Amino acid sequence: MVDADNLVKIYQTRSGHRRAVDGISFHVGEGEFFSFLGPNGAGKTTTIGMMVALLAPTSGRISIDGLDVTRNPHEVRQRIGIIFQEPSLDDRLTAWENLEFHGRLYGLAGPERKKRSSFLLEVMGLYERKNDLVKTFSGGLKRRLEIVRGLVHAPRLLILDEPTLGLDPHSRRNVWEYIHNVRKKVGMTVFLTTHYLEEADGSDRVAIINHGKIVALDSPALLKKSLGPEVLNILVGEKEALRKFLVDEYPSLSESIREEPDGSISFPMPFTSRDSPWEMLKKIPIQITQASIRRPNLDDVFIKYTGGDLGDPGTNMKPEAIQ
Ligand SMILES: Nc1ncnc2c1ncn2[C@@H]1O[C@H](COP(=O)(O)OP(=O)(O)OP(=O)(O)O)[C@@H](O)[C@H]1O
Ligand SMILES: [Mg+2]
């Protein structure tokens with residue numbers, strides 16, 4: 001469904017230029033649920049811009065459903081439904097009017113437009129609100145309506161750029177329930193970008209993107225497996241002393257140690273160590289309050305491949321000299 005081959009996007013900036021997407025290649029199969037996971041400024045939205053022909057690649061190629069995006073922008077857009085990162089509904093219109101406008105834009109005939117809009121509003125639990133002005137909707141309802149709008153013209157590929165950003169956990173779950181529901185009913189390829197690891201965990205494959213490059217690409221299960229079977233989780237008073245001991249003793253851990261929200265320190269068992277987790281714990285010369293072993297999760301994977309990069313906008317902004 002999607003084929004990207006050595007895709008590059010360089011933005012011109014005042015101080016030089018910025019390589020936002022730096023030679024990425026990937027393939028998304030028909031019907032696949034594919035996630036792009038990466039910190040702020042990693043290049044996710046830029047990649048989507050090239051997928052939907054809003055941005056021209058600096059070099060490389062991208063095709064959707066076998067069509068070269070640069071050469072066939074119109075045909076490609078007909079096949080895509082997109083939910084932009086920035087909300088883009090017209091607040092002054094009703095839900096129904098927003099859908100009508102979109103359907104006309106895509107050249108759908110009246111009866112078809114009405115049938116699909118009603119069906120999708122029903123699936124997304126919005127039918128009762130169809131004649132309400134969008135400005136009276138909550139953030140979660142607006143997001144759901146944007147998804148309906150993205151699907152009105154029956155696209156084969158749905159692109160979601162951080163669809164649940166800013167929603168509370170309940171609304172996020174809700175939006176996902178609805179997306180899975182539509183997917184089951186109409187069957188389509190989904191391309192998602194997100195910061196939420198648990199959302200990516202539900203996809204068939206995940207690409208981790210950092211500084212414009214794909215640094216890992218596999219199913220969530222295999223990505224977790226690549227860290228080994230066990231992650232150690234340790235609660236100590238002296239966190240910095242523990243970190244220093246671990247890095248001195250096992251240099252390969254330097255980029256995989258992370259602090260959990262509860263203040264504990266966790267890391268995958270180093271491959272270089274022959275010790276069992278319990279033997280390793282015994283060697284730590286620092287007072288340990290509590291320790292446990294668990295399987296790796298996607299957070300551990302993300303930290304390992306992005307080096308715990310929080311995506312400070314400045315980090316991707318090294319201006320390069322113009323050649
Ligand atoms: N129009 C532009 N001109 C110059 N630089 C840009 C432009 N748009 C984006 N960038 C830069 O390109 C890099 C990638 O941006 P992009 O929006 O693709 O990241 P992202 O992964 O979508 O981030 P986020 O998670 O914050 O949405 C960033 O450093 C960003 O500042
Ligand atoms: Mg973005």
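Predicted model: local features only at pLDDT ≥ 70, side-chain atom pairs only at ≥ 80, totals over all residues.
Residues are numbered from 1 along each chain as its sequence is written, and side-chain values use heavy atoms, without hydrogens and water.

The protein is divided into domain 1 (2-220) and domain 2 (228-295). These bounds come from an automatic or database domain assignment. The domain centres, taken over C-alpha atoms, are separated by 39 Å.

Thr-45 (OG1) and Gln-85 (OE1) coordinate the magnesium ion (ligand 2) at 1.9 to 2.2 Å. Donors are N, O and S atoms within 2.8 Å of the metal (3.2 Å for Na, K and Ca); water is not among the atoms, so sites may look incomplete. Thr-45 belongs to helix α1 (residues 44-51), and Gln-85 to the loop between β6 (80-83) and α3 (95-105), so the pair ties together parts 40 residues apart in sequence. Helices (H or I, at least four residues) and strands (E, at least two) are DSSP runs, numbered from the N terminus. Thr-45 is partly exposed, at 39% relative accessible area. Gln-85 is also partly exposed, at 26%. Partly exposed lies between buried (under 20% relative accessible area) and exposed (over 50%), with a 1.4 Å probe and protein chains only.

Helix α3 packs against helix α5 (residues 139-151) at an angle of about 25°, with axes 9 Å apart. Axes are lines fitted to C-alpha atoms over the stretch in contact, and angles run from 0 to 180 degrees between N-to-C directions. The two helices are therefore roughly parallel, a term for angles under 35 degrees. Ala-95, Asn-98, Leu-99 and His-102 of α3 make the contact with Leu-145, Val-148 and Arg-149 of α5; contact means heavy atoms within 4.5 Å.

How values were computed. Chains lettered and ligands numbered in written order. Parallel < 35°, antiparallel > 145°, perpendicular 65-115°, else oblique.
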